[in-house]
Structures are given as C-alpha cells and as structure tokens.
Amino acid sequence: MKVTQKDTYTILEDERDDVLDFASYLERIVPEKYEDRHLVIDLLQYTELTLEQLVAFIKLSNYQRADKKSFVFVNTGINYDLIPDEMVVVPTLQEAEDIIQMEEIERDLGF
C-alpha cells in the first residue's frame, strides 16, 4: 500500500491488483493507524471497478463517517448512478480534496 500524507488527510493507494484484498486489508489497518485522519482511497488503477467491489468498502466507509471523518474514493471506472448514497466517489484526487474541505466546513457549521 502506498501512503501519501497531506496536511488534513491521507491518501491510501493499492499497489497490488486485488481490490477485494485491499478492502479487507483496510478494514484491519484503518482503525489502528488512520482512525483520526480523513481518508482518500485511490482506486484509479481499477478502470473497470464494479459496484460489488466498491461495496466491499462500505463497512469501513460507514465506520469513518460515523466518527465524523471524511472517506472519499477516487475512481473513473464505475457508473456513478449506481453508487450508494452513503459512499462518496469522485473522478480525481483534486475533487477528493475539495470534498474533504467541503465536509469539514459542514462539520464546523454543525451539519
């Protein structure tokens, strides 16, 4: 896994080629090492990501969001109309950063 630390968030990127193993790995590692960080999950390498593969991350997404932390996926290969409402998927890393900033403002305002 490639980890990129930014000022207010961390980017986690799979360096292997198995999205389901990556989801399983993150379920174990995020609560231990990254629970206090906003997270961007870089899935750009998966150009044909399926809804079933994305949903493998839903437990972790819900965990982070319940703790008032942003959890944003970056991928261009999925049909955005199929994405569950409780998950945030954007096509670029810049948009992921923008989402984190907007969610932080919303939290500051009490939304």
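Me: Helices are DSSP runs of H or I with at least four residues, and strands are runs of E with at least two, both numbered from the N terminus. In which order do the elements of the chain run on that basis?

Reply: In this predicted model, the order from the N terminus on is β-β-α-β-α-α-β-β-α, which makes four helices and five strands in the chain.

Me: What makes the radius of gyration of the chain agree with that of a compact globule?

Reply: The rule for a globule takes 2.2 Å times the number of residues to the power 0.38, and for 111 residues this gives a value near 13 Å; the chain has 13 Å, and therefore the two agree. Along the principal axes, the C-alpha atoms fill a box of roughly 40 × 30 × 25 Å.

Me: Why is Leu54 called buried?

Reply: Buried means under 20% relative accessible area, and Leu54 counts as buried because its relative accessibility is 1%. Leu54 lies in helix H2, which spans residues 51-55. Of the 111 residues of the chain, 41% count as buried.

Me: Which residues are in contact with Leu54, leaving aside its neighbours within four places in sequence?

Reply: With contact taken as heavy atoms within 4.5 Å, Leu54 is in contact with Leu49, Phe73, Ile78, Ile83, Met87 and Val89. For Ile78, the separation from Leu54 is 24 residues in sequence and 8.7 Å in space, C-alpha to C-alpha. Over the chain, 66% of the contacts with a separation of 6 or more are between residues 24 or more positions apart.

Me: What makes a set of residues a nonpolar core, by definition, and which residues touch the most other members of the largest one?

Reply: The members must be buried residues of the nonpolar kinds, joined through side-chain atoms within 4.5 Å. The largest such core has 23 residues, of which Leu26, Ile41, Leu43, Phe57 and Phe73 touch the most other members. Helix H1 (19-33), strand S3 (38-42), helix H3 (58-66) and strand S4 (71-74) each supply at least two residues of this core, and H1 gives the most, with six residues. Leaving aside neighbours within four places in sequence, the contacts of Ile41 include Leu12, Phe22, Leu26, Phe57 and Phe73. A second, separate core has ten residues, among them Ile11, Val40, Val88 and Ala96.

Me: How many side chains of each charge does the chain have?

Reply: With Lys and Arg taken as positive and Asp and Glu as negative, the chain has 11 positive and 25 negative side chains, and the centres of the two sets lie 7 Å apart.

Notes. Residues are numbered from 1 along each chain as its sequence is written. This is a predicted model: local features need pLDDT of at least 70, side-chain atom pairs count only at pLDDT 80 or more; totals for chains, interfaces and linings use all residues. Side-chain values use heavy atoms; hydrogens and water are left out. Buried means under 20% relative accessible area, exposed over 50%, partly exposed in between (1.4 Å probe, protein chains only). The place of a charge is taken as NZ of Lys, CZ of Arg, CG of Asp or CD of Glu.
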